[in-house]
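Please brief me on this two-chain model. Cover the sheet, the helix packing, the interface, the backbone details and the salt bridges.

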Amino acid sequence: MAASPDATGTRPANVLRKAVVIGGNRIPFARANGAYTQASNQDMLTAALDGLVARFGLQDERIGEVAAGAVLKHSRDFNLTREAVIGSALSPETPAYDLQQACATGLETVVGLANKIKLGQIDSAIAGGVDSASDAPIAVSEGLRAVLLELHRAKTVQQKLTTLAKLRPKDLAPNAPDTAEPRTGLSMGEHQALTTAAWNVTREAQDELSLASHRNLAAAYERGFFDDLMTPYRGLAKDSNLRADTTLEKLAKLQPVFGKNLGAEATMTAGNSTPLTDGASAVLIGSEEYARSNDLPVLAEVVDSEAAAVDFVHGKEGLLMAPAYAVPRLLARQGLTFADFDFFEIHEAFAGTVLCHMAAWESEEFCRNKLGLQKPLGAIDRTRLNVNGSSLATGHPFAATGGRLVATLAKMLREKTDAESRPTRGLISVCAAGGMGVVAILEAN
Amino acid sequence: MSEVILGEMPTLSRLYLTAASTAARHKLGVGQQADQLPAVRHTVDGVHIAPERVSGFQQLMHGTVRDTLPSVFLHSVAFPVVMSVMTRPDFPLPLLGMVHLANRVNHLRPVHFAEPLTVTAWAEGLRGHHAGTQVELHTRIEAGGETVWEGVSDYLAKAVYLPGLDKALRPERTDFIPPQPTARWRLGPEAGREYAGVSGDFNPIHLSAVSAKMLGLKRSIAHGMYLASRVLTSVEATASEPFAWRIDFAAPVFLPATVAVRIHDTERDGSWEASEFTGWGERSHRLHFTGSVNTLAG
């Protein structure tokens, strides 16, 4: 039985085959409480899927598997991705699963599905992610929840009354999600403020990175780069966070918002930190044969990936520093150096995050003591970094960022390979809550 | 020392009432104030722990509901026995208004919640303090015939000076400069009451602003053992028994409060060896407590 082919003729392969990015689609990202206020995670994910279906002619097609996720998730959305698939133009016989790895969710769906394709378990897949900070779940307080659950268990009227008597006025206040790390009580911005100060990253350096992100994104829109990567939604055709006309002077005027009570000088502002954002993204991946037989383009291959986590709880390492460990491990496994990459897509959770990672890779001390390397990895060529803008300009709907990065980088690699008739390579790096990071390599041939 | 076996775990609320009436009688000049510690140990045998009580404690501390008992939970289990010593008519210091200065504990092995415990408490080390008189309350918890937990709490009776005890010199004040925090605790006005709910220690200074004012405080204050337990919960994933911990209290934490905390772990040969900790007011920059947790293994 094990060797018999299924209805589509897919067979497990002994030799790994390639998984390639065919294309991507996202809805423009909207600042929270803006254009997508009335749209749920399921609505936005469906919109991103339908745009992808329309672009690649996937109507009624049974895709091997769809994986997506959301970081801020309602309990009713236990099957968010499958529900979005049922509501989309894809075949209702397309299976789906939800994944959650904080801000690395989107990239991890690409990695997991690419691995299934490489193993021959599926031929095609859609990876994605969505998040809404506007339509965030609000839960009842722990006190009310405990009473309601106990009420459910109570059998007699007497027991029910005794249970109800435990309710206190403060129990009626709801719990809204926040960005505080559960084990430290510090927000992600405050954690990054500690790391930013520890690495002596200046306000000016952060503002410059932010300015570059906005300018690069504006230029990418200008030359139509996103025309085949985006579907307008709810009246929005561009990321609403983009400030094409921002300047260093404007950025320098903003007051610090994070790290004001942490002792060191506060350098992180709303201008060099990502805002809360709503949005969704989806990436179509498949085997080379799938792309060829369906007359679909091949943008880039998903080569390899590495996840890392750091011990941040008592400050041994910064909360968002895991990519600084994941990247060197991935480079070592692939036998590569920074000079081997044409593009770097480092997710801009905060400008300070990107600058701390790069400072760590340039630091002899960090590379020797923390990574066990004889010499530092070296500097990243800034002209290859986030060249079409990144999260500081687009905004960051947590789980949707991975799909944006993969589709953007895959298209950049294809363009460069076609223009220069040579293979190209790019690196994606995403930090995540809980002290995690996921990084991946894409190549175009 | 003589031994007194108590038939059952004393009730804390009753002991607080005893303490209040003793205080009132002393104010009226009734009753003889002793000037030495009673040479007696109080013991309660066969102490059983309800699992719900442990769960409630673990949840309040943001900890994991485990089958083994948190170190500070064991302190709260033993506390009524300690109180029974401190409310004896021949105990020389007034219980109400006493200041908790420090705690030192050796937690010698994991204790399962279903193990029956024997709790013994006594007082030692009556001595002068620059602000009054200081005393050590000792606690020993045994399970299966061995000591599993032993602790010493230092208390200060402010402005009480007993004959024959020299007043200690006031130690030099050192300025506190806050280090980089690793955590922030937001403690609401209910933090004291919530700890009373899981620890059984309904000391009025922790319950509400009104009850605290009756005892001369401007607002209610967080229980020192709550603060200690929050820290210990944060290291429970790495610190395994046997370990020793201590906490020294500085300025009280008036509720509500935002406490900044730094916990710094040190390793030896790749294994956890110790965690040093400091807590201070995030905005006031006043030092609230310092302490450490150290492995007692090999």
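The points below go through the model by topic.

This is a predicted model; local features need pLDDT of at least 70, side-chain atom pairs count only at pLDDT 80 or more, and totals for chains, interfaces and linings use all residues. Residues are numbered from 1 along each chain as its sequence is written, chains are lettered from A and ligands numbered from 1 in the order in which they are written, and side-chain values use heavy atoms, with hydrogens and water left out. Chain B holds an open sheet of 11 strands. Chain B is also in contact with chain A, through 14 residues of chain B and 13 residues of chain A.

**Sheet of chain B**

- The strand order is E1-E2-E4-E5-E6-E3-E8-E11-E10-E9-E7, with mixed pairing.
- Helices (H or I, at least four residues) and strands (E, at least two) are DSSP runs, numbered from the N terminus.
- Two strands pair if DSSP finds at least two bridges between them.
- The edges are strand E1 (2-6) and strand E7 (183-187) of chain B, each of which pairs on one side only.
- From one strand to the next, the twist averages 20 degrees.
- E1(B) and strand E2 (residues 40-47) of chain B run parallel and are joined by 5 bridges.
- Within that pair, Ser2(B) is opposite Val40(B), and Val4(B) has His42(B) as its bridge partner.
- On pairing with E4(B), E2(B) is antiparallel, over 4 bridges.
- Here Val47(B) has Leu117(B) in E4(B) as its bridge partner.

**Helices**

- Axes are lines fitted to C-alpha atoms, for helices over the stretch in contact, and angles run from 0 to 180 degrees between N-to-C directions.
- Contact means heavy atoms within 4.5 Å.
- Angles under 35 degrees count as roughly parallel, over 145 as roughly antiparallel, 65 to 115 as roughly perpendicular and the rest as oblique.
- Helix H3 (residues 71-86) of chain B lies across several strands, including E1, E2 and strand E4 (117-129) of chain B, and runs at about 65 degrees to E4(B).
- H3(B) also packs on helix H7 (residues 224-235) of chain B, at about 150 degrees and with the axes 8 Å apart.
- H3(B) is therefore roughly antiparallel to H7(B).
- Ser71(B), Val72(B) and His75(B) of H3(B) meet Met225(B), Ala228(B), Ser229(B) and Leu232(B) of H7(B).
- By class, that contact has 4 nonpolar, 3 polar and no charged residues.
- The classes are: Ala, Val, Leu, Ile, Met, Phe, Trp, Tyr, Cys and Pro nonpolar; Asp, Glu, Lys and Arg charged; the others, Gly among them, polar.
- In chain A, helix H7 (residues 203-222) and helix H11 (residues 351-362) pack at about 110 degrees, with their axes 9 Å apart.
- H7(A) and H11(A) are therefore roughly perpendicular to each other.
- Ala205(A), Gln206(A) and Leu209(A) of H7(A) meet Ala351(A), Gly352(A), Val354(A) and Leu355(A) of H11(A).
- The contact of H7(A) with H11(A) has 5 nonpolar, 2 polar and no charged residues.

**Interface of chains A and B**

- About 1,300 Å² is buried between the chains, and carbon and sulfur atoms give 41% of this area.
- Buried area is the accessible area (1.4 Å probe) that two parts lose on being put together, summed over both.
- Gln180(B), Thr182(B) and Arg184(B) supply 41% of the area that chain B buries against chain A, more than any other three residues.
- The interface has 2 salt bridges.
- A salt bridge is a side-chain nitrogen of Lys or Arg within 4 Å of a carboxyl oxygen of Asp or Glu.
- Lys316(A) forms a salt bridge with Glu267(B), the closest N and O atoms being 3.4 Å apart.

**Backbone details**

- The peptide bond between Glu241(B) and Pro242(B) is cis, with omega about 5 degrees.
- Pro242(B) sits in the loop between H7 and E8 of chain B.
- The bond between Leu255(B) and Pro256(B) is cis too, with omega about -5 degrees.
- Pro256(B) lies in the loop between E8 and strand E9 (257-268) of chain B.
- Arg234(A) has a positive phi, near 50 degrees, in a residue other than glycine.
- Arg234(A) belongs to the loop between H7 and helix H8 (248-253) of chain A.

**Salt bridges overall**

- Over all chains, the count comes to 36 salt bridges.
- Lys416(A) and Glu420(A) form a salt bridge at 3.0 Å, N to O.
- Lys416(A) and Glu420(A) are separated by about one helical turn, because they are 4 residues apart in helix H14 (residues 401-420) of chain A.
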